[in-house]
2 protein chains.
Amino acid sequence: METPVTAAVLDAARAAKEAQPALARLHRAEKDRVLRAMADALVDRAGEVVAANARDLAAADAAGIAPGLRDRLALDEERVAAIAEQLRDAAALPDPIGEVIRGSMLDNGLELREVRVPMGVIGMVYEARPNVTVDAAGLALKAGSAVVLRGGSAALHSNTALIGVLRSVLAAHDLPEDLIVGIDAHGREGVDVLMRARGLVDVLIPRGGAGLIRRVVENSLVPVIETGTGKTHILVDASADPAQAVPIVVNAKTQRIGVCNALETLLVHREIAEEALPLLAAPLAEAGVRLHADDAAREILAAAGTAAEVVPATAEDWDTEYLARELAVAVVEDLDAALAHIRTHSTGHTESILTRDLRSQQRFLAEVDSAVVMANASTRFSDGGEFGFGAEIGISTQKLHARGPMGLREITASKWLVVGQGHVRP
Amino acid sequence: METPVTAAVLDAARAAKEAQPALARLHRAEKDRVLRAMADALVDRAGEVVAANARDLAAADAAGIAPGLRDRLALDEERVAAIAEQLRDAAALPDPIGEVIRGSMLDNGLELREVRVPMGVIGMVYEARPNVTVDAAGLALKAGSAVVLRGGSAALHSNTALIGVLRSVLAAHDLPEDLIVGIDAHGREGVDVLMRARGLVDVLIPRGGAGLIRRVVENSLVPVIETGTGKTHILVDASADPAQAVPIVVNAKTQRIGVCNALETLLVHREIAEEALPLLAAPLAEAGVRLHADDAAREILAAAGTAAEVVPATAEDWDTEYLARELAVAVVEDLDAALAHIRTHSTGHTESILTRDLRSQQRFLAEVDSAVVMANASTRFSDGGEFGFGAEIGISTQKLHARGPMGLREITASKWLVVGQGHVRP
């Protein structure tokens, strides 16, 4: 039976699908003009957006929101200006659409081209972060796709205000407003409907915590790009240079806490553990990082009289994405043991080896089956901005379609053009 | 609760996953040697395979199998030799693995490379066609992936014999036999388990009728590449050259019946309909094609005294993939009406415009949102072999990961390699 929410969400998705061809026809200059006008409108109407946000914040405060979540939800005029800047950044990026990916002339004279085309309608499901609303809408527009946005009911008023500003700019440019539609008003039931809107929505991208992502992956009939939880590993190999390893590990763990490319498990080769572990533990302790260490690591750290807070690792520690000042630490017998540990516990996001041995580096890069595999670099570089994509939609931890940091190109599709002169198949 | 089938299928998938790294380490020359040895073994042991097939055929005959399906199931020594030849063809193809897709050195000196890697474990669900068993196993092996094969219980003995031959060759080359596993013995329940084997199977590719594909798409938790039903359209534009249009339409409809790239709906521009329709109908009538025509087309054909069998088109005709000597025919007012018809009724497989007008061709190629969009060529060219891929796993009608004919490259994944010299993120 069709509920009012079902009807409303399917109508929204259908409206987006019907609006999208108008966008597909625009050239880059026209799309960029709209993006810059959206940025201007956001700055002009920042007061309105901040006022709407204040309503969300009041409700969130009344409900006792956690400080971290409140900070992600809160907007002021400065933050709105920063959000507007994201749209100008999107305008400055090259247009992915129209790229000829490959092409040839066949033996029979048929001309063959694979070209990059818009995905169509992109569904985004994320948590109460109003900046994602604008970012996702802007990147989708640049990539020629309509978006259906579901940003968490805690941000309902903020998102409604932001989407209202963007839609008014679309209308002012004679574009269908339904290129950007929000379904926050329909709550979790709205997400359920969106996940079943096969044929109306071309891809669904969940961004947020592990629970949200799993719910979408397990229930969606629409194809999903899974973005990821990062149970990220660094292996300090036997041949690692401690002078290089220590700053990398500290950077990977503490340069920014609570992000998916932050370090979560440190593996140390037995041959270097006695030397390296105390050196690593000292700055981690200073940064307030608690170590969840296996027996071997605890023994070494205790013998060295470490200042770090060390607790025994439990079985769960090897699979926990802390997103906090916590770090799992294990001593591994050799490279094979490290690879086996990673194979068992990695979420396939990012792993890095610190080594001076060419063969170890080669094997690690070849054998670790993750989206991003590094040598002698901090896992914090696993990021669309750092990779030079100019924008990041998320980091895919699945193997289909896109793997690793996703930029504009990763939210496009392709099609084949075949031009003949009366060709029939013999 | 875990049933015996669940346990058996999950064990099979797990065994394939554990076997796969051994394959990932092989270089092209080694993989090709195994493929050629498999071809030799199939020829040597063809008698065994044909005997197993006879058991399937006897059961199928007793169950009253349709002649077309029986023909797809039947093997003799000559067909086994042809199947072996597919493996030699796979050996002759370039290795997709290891290709550097893109790469750069970042401003900070980090070396970045996106490289092509094996998918991991590929699940194939298809109907009783033993040749697909060998073809899928061979292409997966070439692409570095293990396969879990479910080929339809009607082909159980044939597939078991074929897989037995292939596995014995793996063993003879010191490779794990579980790189190729069959789950035909577990019936439809086995497919249900396979569809839920997330984490063990990286991608599921259904090949077969619309019912099979829909069942997999709607129920799979494992990412699916949807291969396609083709409700394929040709538009004979106002400016088409009838001397070119007639052979293309006849070729698209009759060169091979029952394939997904065969023509299913013919749209004729009103301005040329009176001239072109009778010319098109004559050779179609000769080929025994029945026309399901709309009122306007029927009127023109009746006035011309056509020899073709013409029946009134029903609403279902516009959405039916006949795979038979039947063709839907409609007169369209103009290019916009044709594009709207295609937008509503196409399955996104292949459409072609026959025209001499540059603007019509440009609009058709740009605006039709299908995997393959053609001008002045028969839809029968929408094929991996014709595109020069050397092999075809199927034709994707979805937008994610692969669109259109899929070759070896489309059953691979990628990963990012990042090499630094002690890089930390500022």
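**Exercise 1. Determine how many residue pairs are in polar contact between chain A and chain B, and describe the side of chain A that touches chain B.**

Solution. The count between chain A and chain B is 45 residue pairs in polar contact, both residues being at pLDDT 80 or more. A polar contact is a pair of N or O atoms within 3.5 Å; within protein, one must be able to donate a hydrogen and the other to accept it, and residues adjacent in sequence count only if both atoms are side-chain atoms.

The next step is to locate the elements involved. At least two residues each are supplied to this side of chain A by β2 (111-118), α9 (210-219), α10 (242-254), α14 (358-367), β13 (372-377), β15 (404-406) and β16 (412-423) of chain A. The largest share, 11 residues, comes from β16(A). Helices (H or I, at least four residues) and strands (E, at least two) are DSSP runs, numbered from the N terminus.

By residue class, the side of chain A that touches chain B divides into 35 nonpolar, 17 polar and 17 charged residues. Here Ala, Val, Leu, Ile, Met, Phe, Trp, Tyr, Cys and Pro count as nonpolar, Asp, Glu, Lys and Arg as charged, and the others, Gly among them, as polar.

The model is predicted: local features need pLDDT of at least 70, side-chain atom pairs count only at pLDDT 80 or more, and totals for chains, interfaces and linings use all residues. Residues are numbered from 1 along each chain as its sequence is written, chains are lettered from A and ligands numbered from 1 in the order in which they are written, and side-chain values use heavy atoms, with hydrogens and water left out.

**Exercise 2. State what area is buried between chain A and chain B.**

Solution. In contact (heavy atoms within 4.5 Å) are 69 residues of chain A and 69 residues of chain B. The buried area, which is the accessible area (1.4 Å probe) that two parts lose on being put together, summed over both, is about 5,600 Å². Carbon and sulfur atoms give 54% of this area. L400(A), W416(A) and R425(A) supply 15% of the area that chain A buries against chain B, more than any other three residues.

**Exercise 3. Find the salt bridges across the interface and in the whole structure.**

Solution. A salt bridge is a side-chain nitrogen of Lys or Arg within 4 Å of a carboxyl oxygen of Asp or Glu. R198(A) and E226(B) form a salt bridge at 2.4 Å, N to O. Within chain A, D11(A) and R14(A) form another, with the closest N and O atoms 3.1 Å apart. Both residues lie in helix α1 (residues 4-24) of chain A, three residues apart, about one turn of the helix.

**Exercise 4. Identify which strand of chain B pairs with β16(A).**

Solution. Strands pair if DSSP finds at least two bridges between them. β16(A) pairs with strand β13 (residues 372-377) of chain B in the parallel sense over five bridges. Within this pairing, V418(A) stands opposite M374(B).
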